[in-house]
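Here is a short tour to read alongside the model on your screen. Keep the viewer open and follow the residues as they come up.

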Amino acid sequence: MDRFAKLPFAEKIKDTAGILDAVKMVAFDVFVHLPFMYFPSYYVCKEFVISDSWNLMDWVKDGTSKYANNAKEDLTAMIKLWGPSDCIQFVLPMHIRMPFRHLVSFFWTAYVSFTRGGSEPEPQSEGELAVHIQKVKRR
């Protein structure tokens, strides 16, 4: 891969073995790393931070159930960003890959924090409590 990274862009397009390696890296990131490593870890760590429980199994159970409920939306957003981003990243020269990945990760982390970062507020009235219970049941 180092050889492919050092090639000029015009030669990268002709290098089918290098392109195939880049496609494999994109596929691993989008179909293995992010859905099976990143998101489960994110949701379990989030439960550690916001949960009232000190039981690891509660964090794992609650985190994975929230991930399962949000998976369609999360994975769609992830593919929309990381698919194209990885395609760009894995053809960049090696010395630019990490800064590029960190820049994209900064905006991705901001997006995930805004959409999934907060804990749900406690219900104040009986009506809000009923709505809250329905939301919990849907999770």
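## Terms and ground rules

A residue is called buried when its relative accessible area is under 20%, exposed when that area is over 50%, and partly exposed in between, using a 1.4 Å probe and protein chains only. By that scale Glu-73 is partly exposed, with a relative accessible area of 47%.

This is a predicted model, in which local features need pLDDT of at least 70, side-chain atom pairs count only at pLDDT 80 or more, and totals for chains, interfaces and linings use all residues. Residues are numbered from 1 along each chain as its sequence is written, and side-chain values use heavy atoms, with hydrogens and water left out.

## Overall make-up

The chain contains six helices and zero strands; helices (H or I, at least four residues) and strands (E, at least two) are DSSP runs, numbered from the N terminus. Read from the N terminus, the order of elements is α-α-α-α-α-α.

Of the 139 residues in the chain, 29% count as buried. Among contacts (heavy atoms within 4.5 Å) with a separation of 6 or more, 56% come from residues 24 or more positions apart.

## How α3 meets α5

Two packed helices are described by the angle between their axes and the distance between the axes. For helix α3 (residues 16-50) and helix α5 (residues 94-116), the axes come within 13 Å and cross at roughly 50°. These axes are lines fitted to C-alpha atoms, for helices over the stretch in contact, with angles running from 0 to 180 degrees between N-to-C directions. Angles under 35 degrees count as roughly parallel, over 145 as roughly antiparallel, 65 to 115 as roughly perpendicular and the rest as oblique; α3 and α5 are therefore oblique to each other.

On the α3 side, Asp-29, His-33, Tyr-38, Phe-39, Tyr-42, Tyr-43 and Lys-46 take part, and they meet Arg-101, Trp-108, Val-112 and Arg-116 of α5. The residues of this contact divide into six nonpolar, one polar and four charged, where Ala, Val, Leu, Ile, Met, Phe, Trp, Tyr, Cys and Pro are nonpolar, Asp, Glu, Lys and Arg are charged, and the others, Gly among them, are polar.

## Salt bridges

Side chains of opposite charge can pair when their charged atoms come close. With a salt bridge taken as a side-chain nitrogen of Lys or Arg within 4 Å of a carboxyl oxygen of Asp or Glu, the count comes to seven. One of them joins Lys-61 and Asp-62, with the closest N and O atoms 3.5 Å apart. Asp-62 is partly exposed, at a relative accessible area of 25%.

Which side chain does Arg-116 meet in a salt bridge at 3.3 Å, N to O? The partner is Glu-73. Arg-116 lies in helix α5 and Glu-73 in helix α4 (residues 56-89), so the pair ties together parts that are 43 residues apart in sequence. Arg-116 also forms a salt bridge with Asp-74, where the closest N and O atoms are 3.0 Å apart. That pair links α5 to α4 across 42 residues. Arg-116 is buried, with a relative accessible area of 12%, and Asp-74 is buried as well, at 5%.

## A buried loop residue

Asp-15 sits in the loop between α2 (9-14) and α3, and at 12% relative accessibility Asp-15 counts as buried. Leaving aside neighbours within four places in sequence, Asp-15 is in contact with Arg-3, Phe-4 and Leu-7.
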